Amino acid sequence: MEQREVSDDGVLTRIGQAVMLLHGGDREEARNRFGELWTEIGESGDPLHRCTLAHYMADTQDDPGDELAWDLRALTAAEDPGPATARMASAVRAFYPSLHLNLAADYLKLQRPDAARLHLSRARAAVNVLGDDGYGNGVRTAIGRLEHQLLDD
């Protein structure tokens, strides 16, 4: 049932299409589509939509401060106690390691190593929700890389 809910979700489908553009190298078009979607769903839209959209919108930013702002929006949406469904709770739990990893990387780019370490610690603490699959292993590997990078600083 939950799988069907997600597949029937037109907003998540549109976010996925923009993500494909982003991964295909068209950051500008992805950013434009994410911007249009953000205008549609707004600050009070479905927390899962806001979290997912802001999480990927951050990756389209050229300025590290703008990237941080979008990653913070994603975390704020993830923490929104709004009408939580089983679908939302499960999806958001899976996002936490990546959300905190991205925030740690943002803070490192902005030369704020203490904030980076805090979010890296939160990312590490949340990895138990990740599966033993490509996504989960990729996030774990990225956490390890960033930990080493912070040790070198």
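Residues are numbered from 1 along each chain as its sequence is written, and side-chain values use heavy atoms, with hydrogens and water left out. Because the model is predicted, local features need pLDDT of at least 70 and side-chain atom pairs count only at pLDDT 80 or more, while totals for chains, interfaces and linings use all residues.

View 1. Helix H3 covers residues 27-41; helices here are DSSP runs (H or I, at least four residues), numbered from the N terminus. Its 15 residues reach 21 Å from the first C-alpha to the last, close to the expected 21 Å, where the expected span is 1.5 Å times one less than the number of residues. Look for Ala30, Phe34, Leu37, Trp38 and Ile41, which are buried (under 20% relative accessible area, with exposed meaning over 50% and partly exposed in between; 1.4 Å probe, protein chains only). Seen down the axis of H3, the buried residues fall within an arc of 105°, so they line one face of the helix; the arc is that of the directions from the helix axis to the C-beta atoms. On the other side of H3 you will find Glu28, Glu36, Thr39 and Glu40, which are exposed. After H3 comes Gly42, with a positive phi near 70°.

**View 2. The neighbours of H3.** The buried residues of H3 pack against helix H2 (10-23), helix H4 (47-58) and helix H5 (64-78). For one example, find Leu53: not counting residues up to four places away in sequence, Leu53 touches Ile15, Phe34, Leu37, Trp38 and Ile41. Contact means heavy atoms within 4.5 Å.

**View 3. The largest nonpolar core.** A nonpolar core is a set of buried Ala, Val, Leu, Ile, Met, Phe, Trp, Tyr and Cys residues joined through side-chain atoms within 4.5 Å. The largest one has 42 residues, and those with the most contacts inside it include Ile15, Phe34, Leu53 and Ile143. Helix H6 (86-109) is among the elements that give two or more residues to this core, and H6 supplies the largest share, eight residues.

**View 4. His55 in helix H4.** His55 lies in helix H4 and, at 5% relative accessibility, counts as buried. A polar contact of 3.2 Å joins the side chains of His55 and Ser98 (a pair of N or O atoms within 3.5 Å; within protein, one must be able to donate a hydrogen and the other to accept it, and residues adjacent in sequence count only if both atoms are side-chain atoms). Not counting residues up to four places away in sequence, His55 also touches Asp71, Ala74, Phe95, Leu99 and Asn102, among others.
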